[in-house]
Amino acid sequence: MIEHGSFELELTGNILTLRAYDAWNYQTAIRWSKETKEIVSSIKSHHWSSLCDLTEWELATPEIHPYVLELNVWLDANNLKYLAIVYKTAIQQSLLEKTNRVFTNVEVRYFTNVDEGETWLKKVSTPANMNSNKAGNG
C-alpha cells in the first residue's frame, strides 16, 4: 500500500524534531518509527529531548495506535527525557495524552505554539537538567 501523509525528522544537538504533515496511514507510521529509531540509536547513550510539531498533522488511521504505544515504550527505555508536543486541535491533544501514558521517564508538555515548545526544551535541555536520572526529579 502507498504511504499517505509525510514527516520530517531533524536532529539538532540533543533535540530530535518531528514535523508531521497531513493524515497518516499505517505505512507512514511504520517508516516514521523505523527512521526515528535509527536516529535515536546514535544519541541514546545520553539523555535527549524531542519536539513534535503536529500543527500540520491531520491525525492518523486507528491501526497505528498500538505501533505508537510500542515506539513510546522504546523511546522511554532509550533515554528520551523531555517531550514537547505542539498541537493544533483538542482531539490531537486528547489522543496523544492516551498514547503518552506509557512514559515513565519522560516529562511531556503540550503547547499550541512551536516557539513556546522550543523555548521550554531549550530551558530544560541544559546539561544540569539532562544529567539527572529521571524526568521531573530535577
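Leaving aside neighbours within four places in sequence, which residues is T17 in contact with?

Tutor: Setting aside residues within four places in sequence, T17 is in contact with E8, L9, E10 and L51, where contact means heavy atoms within 4.5 Å. Before going on, note that this is a predicted model, in which local features need pLDDT of at least 70 and side-chain atom pairs count only at pLDDT 80 or more, while totals for chains, interfaces and linings use all residues. Residues are numbered from 1 along each chain as its sequence is written, and side-chain values use heavy atoms, with hydrogens and water left out.

T17 lies in strand β2. Helices (H or I, at least four residues) and strands (E, at least two) are DSSP runs, numbered from the N terminus. T17 counts as buried because its relative accessibility is 9%; buried means under 20% relative accessible area, exposed over 50%, and partly exposed in between, with a 1.4 Å probe and protein chains only.

One of the residues that T17 touches is E8. The side chain of E8 meets that of R19 in a salt bridge, at 4.0 Å from N to O. E8 is in strand β1 (residues 6–12) and R19 in strand β2 (residues 15–24), so this pair ties together parts that are 11 residues apart in sequence. A salt bridge here is a side-chain nitrogen of Lys or Arg within 4 Å of a carboxyl oxygen of Asp or Glu. Side chains of opposite charge can pair when their charged atoms come close. E8 is partly exposed, at 40% relative accessibility, and R19 is also partly exposed, at 23%.

Strand β2 also holds D22. The phi of D22 is near 60 degrees, a positive value in a residue other than glycine. With a relative accessible area of 37%, D22 is partly exposed.

I39 and E10 are 29 residues apart in sequence, and their C-alpha atoms are 9.0 Å apart in space. I39 belongs to helix α1 (residues 26–41) and is partly exposed, with a relative accessible area of 21%.

Helix α1 has its own charged pair. K37 forms a salt bridge with E70, with the closest N and O atoms 3.1 Å apart. K37 lies in helix α1 and E70 in helix α2 (residues 65–77), so the pair ties together parts that are 33 residues apart in sequence.

E3, R31 and E35 are linked in a network of them. E107 forms one with R109, the closest N and O atoms being 2.8 Å apart; E107 counts as buried at 18% relative accessibility, whereas R109 is partly exposed at 38%. The count comes to 6 salt bridges.

Now the chain as a whole. The protein chain has 5 helices and 5 strands, in the order β-β-α-β-α-β-α-β-α-α along the sequence. Of its 138 residues, 40% count as buried. Among contacts between residues at least 6 apart in sequence, 76% join residues at least 24 apart. The C-alpha trace spans about 45 × 30 × 25 Å along its principal axes. The chain has a radius of gyration of 14 Å, which agrees with the value near 14 Å for a compact globule of 138 residues; this radius is taken over C-alpha atoms, and the globule rule is 2.2 Å times the number of residues to the power 0.38.
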